[in-house]
Amino acid sequence: MSPSTPPRRRAPATPSRVPAGLDEHAGDRQFATTLARGLVLLRCFTPADPVLGNRELSRRLGLPPATVSRLTYTLAGMGYLAQDAPHGKYRLGSAVLSLGYPLLELFDVRRRARPLMLELSRATGGSVSIGIRDRFSVVYIEVIRSDPRRVYPLDVGTTQSLAGTAIGRALLMASPPTEREALLNQLRLKAPDEWTRHGAELERNVEGYARHGCCVSVGELYPDVQAVAVPLGRIDRGEPAALNCSFQGRALDRRWLVERIGPRLQTVARQLM
């Protein structure tokens with residue numbers, strides 16, 4: 001390089017693009033972006049979409065097809081995805097299930113709660129469940145179903161809206177006020193569709209909790225489903241949890257939920273704390 005030639009400037013390193021919804025980790029060198037992409041890819045598979053191909057995954061994740069192809073190839077090789085032979089697409093593999101089981105076994109409250117939940121379900125005719133938070137969703141860790149023919153899915157591992165369910169609202173009430181306010185702000189910013197749909201009723205529940213000691217959802221997710229829930233506080237591993245009782249195919253009645261079912265839930269919750 002001649003003395004008159006200015007030295008080349010090194011282009012600034014561009015941070016790896018993190019998956020949507022994980023923007024707070026952008027530029028964090030400790031954050032393993034490829035691992036995060038693989039985990040987000042696994043979350044694309046749901047009961048409504050159990051089989052997905054690379055093209056659809058590429059569209060949902062906003063990633064190049066070649067990148068998605070490498071991710072699915074690796075996950076299939078490790079047993080977290082399985083090839084769906086007729087379509088050449090993928091479904092979740094058994095290794096995903098083996099990951100979740102050890103975690104469920106750590107929640108000792110499930111064993112203690114089952115007889116109480118069964119008694120409550122028989123007495124009220126409702127499905128009784130315990131849920132914990134997974135970002136902006138509720139995931140059920142124990143379920144006693146009143147009717148196995150229930151139309152809408154409700155089982156261990158089922159996820160539902162944090163903002164739109166009684167159990168999700170009770171989970172927010174299980175958190176300290178500062179943490180709850182931070183979660184509400186995150187919901188407004190990162191889940192705007194959820195907030196638009198459920199925000200007003202969520203805030204109504206937060207304001208009314210001191211008076212009623214429970215949270216409700218009446219016909220919001222499904223037109224013929226209503227539920228009431230109470231916080232359980234922090235259970236095993238310090239995880240905030242909530243106890244829920246839901247009813248399907250019964251006349252919607254917010255007052256009945258609050259005055260008749262809520263106190264029963266509170267009694268069970270006190271026995272588990």
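The legends below describe close-up views of a predicted model.

**View 1. Crossing of helices α1 and α3.** Helix α1 spans residues 33-43 and helix α3 spans residues 65-77. Their axes come within 10 Å and cross at roughly 75°. Angles of 65 to 115 degrees count as roughly perpendicular, and α1 and α3 are therefore roughly perpendicular to each other.

**View 2. Residues at the contact of α1 with α3.** On the α1 side, the contact is formed by T34, R37, G38, L41 and L42. These residues meet T67, V68, L71, T72 and L75 of α3. By class, the residues of this contact comprise 5 nonpolar, 4 polar and 1 charged.

View 3. The volume of the largest cavity is about 170 Å³. It is lined by 18 residues, of which Q160, T165, L221, V225 and A227 are the closest to its centre.

**View 4. Elements and residue classes in the cavity lining.** At least two residues of the lining of the largest cavity are supplied by each of α6 (166-173), β7 (225-234) and β8 (240-248). Strand β7 contributes the largest share of this lining, with 3 residues. In terms of class, the lining of the largest cavity consists of 8 nonpolar, 8 polar and 2 charged residues.

Conventions
Residues are numbered from 1 along each chain as its sequence is written. This is a predicted model: local features need pLDDT of at least 70, side-chain atom pairs count only at pLDDT 80 or more; totals for chains, interfaces and linings use all residues. Side-chain values use heavy atoms; hydrogens and water are left out. Axes are lines fitted to C-alpha atoms, for helices over the stretch in contact, and angles run from 0 to 180 degrees between N-to-C directions. Helices (H or I, at least four residues) and strands (E, at least two) are DSSP runs, numbered from the N terminus. Angles under 35 degrees count as roughly parallel, over 145 as roughly antiparallel, 65 to 115 as roughly perpendicular and the rest as oblique. Contact means heavy atoms within 4.5 Å. Ala, Val, Leu, Ile, Met, Phe, Trp, Tyr, Cys and Pro count as nonpolar, Asp, Glu, Lys and Arg as charged, and the others, Gly among them, as polar. On a 1 Å grid over the protein atoms alone, a cavity is a set of points where a 1.4 Å probe fits but cannot get out, and a pocket is an open set with protein on both sides within 12 Å along at least five of seven lines; lining residues have an atom within 4 Å of a point. Grid points are joined across faces, edges and corners, and a volume is the space filled by probe spheres set on the points.
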